[in-house]
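Here's a quick tour of the model shown below. Have the viewer open and follow along.

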Amino acid sequence: MRAVVRDRYGPVEGLRVATLERPVPDPGEVVVRVRAASLNMADLDHLLGRPRLARIGTGLVRPANRRVGVDVAGTVEEVGRDVTGLRPGDRVWADLFGNGHGALADRVCVPASALSPLPDAVSFDDAATAPHSGSLALQGLRAAGPIRPGERVLVNGAGGCVGPFAVQMAKARGAVVTAVDHGDKLDFLRDLGADEVIDYTREDVTRGDRRFDVVLDIADTRSVRLLRRALAPGGRYVLIARRIGSFAEKALLGPVVGGLTGTRMGVFSWRPNQRSDLAELAGLLAAGDVVPRIDRRYALDDAVEAFRRLESGAARGKVLVIP
Ligand SMILES: NC(=O)c1ccc[n+]([C@@H]2O[C@H](COP(=O)([O-])OP(=O)(O)OC[C@H]3O[C@@H](n4cnc5c(N)ncnc54)[C@H](OP(=O)(O)O)[C@@H]3O)[C@@H](O)[C@H]2O)c1
């Protein structure tokens with residue numbers, strides 16, 4: 001089989017396609033024939049070994065795991081002993097974060113418990129866009145509590161991997177959505193359904209008169225002090241953290257500032273690859289409430305180019321790798 005691998009932490013140029021032994025599933029494992037995979041910022045962090053603190057778990061000097069890629073959609077090829085409920089040919093999808101990575105390959109062997117059934121109504125390409133970033137958007141919005149029709153929702157950093165899912169999910173719940181990102185992405189954000197779009201290079205949304213009932217902060221560039229000004233009375237702020245320092249600030253200070261100002265501010269505890277989340281995502285995709293945006297498709301051999309596209313910030317939607 002062929003798989004994208006890395007030998008050390010470092011830039012995307014260190015990736016290569018290797019020919020590996022065809023996997024044989026151990027008891028409880030399943031070999032998945034990969035039909036589509038997509039890239040996330042988490043994959044870039046995985047390659048670069050950042051934050052450095054994470055290397056305590058992933059290998060201090062060299063990465064213990066050479067395989068790459070978390071978002072996968074495909075079909076079951078072979079099941080190991082003791083696997084129930086999955087048969088060859090079944091359509092499946094998963095976020096392999098915490099389950100060995102390895103989506104960038106023609107096959108990947110994973111615990112059966114990592115896989116969720118993929119309904120026929122959702123194509124492999126569409127499915128591959130969503131497990132990681134779609135779940136982050138889903139859990140982030142859920143952490144803000146129920147969104148009522150007409151509530152004003154700000155998605156800060158809306159044009160990356162997670163934001164397009166969050167904008168569409170908030171719209172599907174009847175919210176009035178303001179999406180903030182780079183000026184080059186404003187048309188893309190309008191196309192997602194955002195009611196108002198703001199270019200962060202021209203305007204600081206925390207300094208104007210706008211007040212929001214919900215702020216989903218993906219860009220993670222502002223302090224608690226500034227962010228609370230963007231909240232309406234009773235407003236809820238949720239951070240999808242990018243930086244450890246910011247995570248600590250919002251986790252520790254957020255509840256204090258929230259308590260003093262009649263708002264709710266905090267981070268949420270991310271739980272990757274929840275079956276219930278994937279079932280909810282499948283429903284949203286099948287109903288057309290969330291339409292995955294696919295930027296470009298790359299072959300396995302062009303994985304370096306695919307990662308460069310992700311890294312450049314130029315992608316409008318998810319970057320797919322199709323083995
Ligand atoms: N909380 C958790 O438990 C958890 C779990 C998993 C992952 N994560 C993290 O969650 C993040 C997910 O975000 P993502 O994948 O959507 O990232 P992304 O693809 O990098 O998107 C972030 C977007 O924010 C924009 N941006 C940059 N500066 C901004 C500013 N000042 N104001 C508004 N927008 C700005 C970026 O635009 P430019 O292109 O102009 O920079 C980009 O379009 C990742 O960093 C991941 O590491 C958190």
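Helices (H or I, at least four residues) and strands (E, at least two) are DSSP runs, numbered from the N terminus. This is a predicted model, where local features need pLDDT of at least 70, side-chain atom pairs count only at pLDDT 80 or more, and totals for chains, interfaces and linings use all residues. Residues are numbered from 1 along each chain as its sequence is written, and side-chain values use heavy atoms, with hydrogens and water left out.

**Domains**

- The protein splits into domain 1 (2-130 + 292-322) and domain 2 (133-267), with bounds that come from an automatic or database domain assignment.
- Their C-alpha centres, those of domain 1 and domain 2, sit 28 Å apart.
- Domain 1 puts 15 residues into the contact and domain 2 puts in 13, where contact means heavy atoms within 4.5 Å.
- About 1,100 Å² is buried between domain 1 and domain 2, 57% of it on carbon and sulfur atoms; buried area is the accessible area (1.4 Å probe) that two parts lose on being put together, summed over both.
- On the domain 1 side, A130, R293 and R316 lose the most area to domain 2, together 51% of what that side buries.

**Helix α4 against helix α9**

- The axes of α4 (residues 131-143) and α9 (residues 275-287) come within 10 Å and cross at roughly 100°; these axes are lines fitted to C-alpha atoms, for helices over the stretch in contact, with angles running from 0 to 180 degrees between N-to-C directions.
- That makes α4 roughly perpendicular to α9 (65 to 115 degrees; under 35 is roughly parallel, over 145 roughly antiparallel, the rest oblique).
- From α4 the contact uses P131, G134, S135, L138, Q139 and R142, and from α9 it uses D277, L278, E280, L281 and L284.

**Loop between α1 and α2**

- G49 is found in the loop between α1 (41-48) and α2 (55-58), and P51 is in the loop between α1 and α2 too.
- G49 is buried at 6% relative accessible area (buried is under 20%, exposed over 50%, partly exposed in between; 1.4 Å probe, protein chains only).
- Leaving aside neighbours within four places in sequence, G49 touches Y9 and R55.
- R50 and P51 are joined by a cis peptide bond, with omega about 0°.

**Positive phi without glycine**

- H101, in the loop between β5 (91-95) and β6 (107-111), has a positive phi of about 55° although it is not a glycine, and H101 is buried at 11%.
- N273 lies in the loop between β13 (264-267) and α9; N273 also has a positive phi of about 55° without being a glycine, and N273 is buried at 13%.
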